[in-house]
Amino acid sequence: MTSPLRIAVLDDYQGIADTVDWSPIPRSAQVTSLRDHIAPGPALVERLAGHEVVVAMRERTPVDATLLAQLPALKLLVTTGPFNAAIDVAAAHRLGITVSGTGGAITPTVEHTWALILGLQRHLVIEDQRIRTGLWQSTVGGDLHGATLGLVGVGRIGSRVAAIGTAFGMNVIAWSPNLTDERAAKAGVTRVDRDTLFADADVVSLHMVLAEATRGLIGHAELDAMKPSAILVNTSRGGLIDETALIEALRDNRIRGAALDVYLQEPLPPGHPVAALPNTLLTPHLGYVTEGVMTIFYRDIVEDIAAYCSGSPLRLLTA
């Protein structure tokens, strides 16, 4: 009798794996949903030991060469999304581990960006909390119509954020290291230099890929250049911002506020300084966490595992 195919799903915070139909997999499957986050180390190795398939939920847990080398039973690594910067794909290949991805969608992150902008501009969380205690109208919101939206990056997500800003009646400007006038015009934005963007924007929203060249892209100089009435929004990656510089700017009220969905360390540790600041709106990396995206992820996860079992793996990631 063939032993069950042991599958571990990392960082399944909502327990979605327990609701999925795994029956299309041609082998009997034993699925373990890890609903708690386990940092790389002996505890994670112990939890994953003996699993032939591991599913990584985006970049929540780094899967590096050290971890992979300690999982001799692992033969298939599936990541949600078509790429994953937290996985050492080259190391996996050297160890004979197949790496597959899934489809995804960018519109939920666009929508979440605007949820954060609107929530911070109109003090929605504060007003929600206060009305429940009998308080009525204690804040004054900021306007979007006629304000300037500054986008750091206008790729697939940034260009859609720009379109919504235009619909609100905002003046949309953009900068990134490789942005051209032609690409800016295609996105319906005005290309400006870096200094102008941070000086003129009422809302600065980040939409860049995290790489060595962009790590710490937003630091003391950029934050000091912003208007005291401006807000900063990040739904991309926490490493784009110098976290210490941002905390100092917020504590000193050098900018009006920050709306963050991503952090340098995730999950955000209890007692982290940014969580104590009153001029922040914080969400736990929810940009892509919607019913539609999760449906795509798990549909493709099951297909990837079934294809692996049949000897014809799908959606292979290259190093």
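**View 1. The area buried between domain 1 and domain 2.** In this predicted model, domain 1 and domain 2 bury about 490 Å² between them, and 54% of that area lies on carbon and sulfur atoms. On the side of domain 1, His-37, Glu-59 and Ala-105 together supply 59% of the area buried against domain 2, which is more than any other three residues supply.

**View 2. The two domains of the protein chain.** According to the domain assignment, domain 1 is made up of residues 5-105 together with 290-310, while domain 2 covers residues 106-282. The C-alpha centres of the two domains lie 32 Å apart, and the contact takes 8 residues from domain 1 and 6 residues from domain 2.

**View 3. The salt bridge between the domains.** The count between domain 1 and domain 2 is 1 salt bridge. The side chains of Glu-59 and Arg-237 meet in a salt bridge, with a distance of 3.0 Å from N to O. Across the interface of the two domains, 1 residue pair is found in polar contact, and the side of domain 1 that touches domain 2 has 3 nonpolar, 2 polar and 3 charged residues.

**View 4. The pairing of β6 with β7.** Strand β6, residues 148-152, pairs with strand β7, residues 171-175, in the parallel sense over 5 bridges. Within this part of the sheet, Gly-150 stands opposite Ile-173 in β7.

Technical notes
Residues numbered from 1 in each chain as written. Predicted model: local features only at pLDDT ≥ 70, side-chain atom pairs only at ≥ 80, totals over all residues. Heavy atoms only, no water. Domains from an automatic or database assignment. Contact = heavy atoms within 4.5 Å. Buried area = accessible area lost by both parts, 1.4 Å probe. Salt bridge = Lys/Arg side-chain N within 4 Å of Asp/Glu carboxyl O. Polar contact = N/O pair within 3.5 Å; in protein donor to acceptor, adjacent residues only side chain to side chain. Nonpolar A, V, L, I, M, F, W, Y, C, P; charged D, E, K, R; others polar. Pairing = 2+ DSSP bridges. Helix = DSSP H or I, 4+ residues; strand = E, 2+ residues; numbered from the N terminus.
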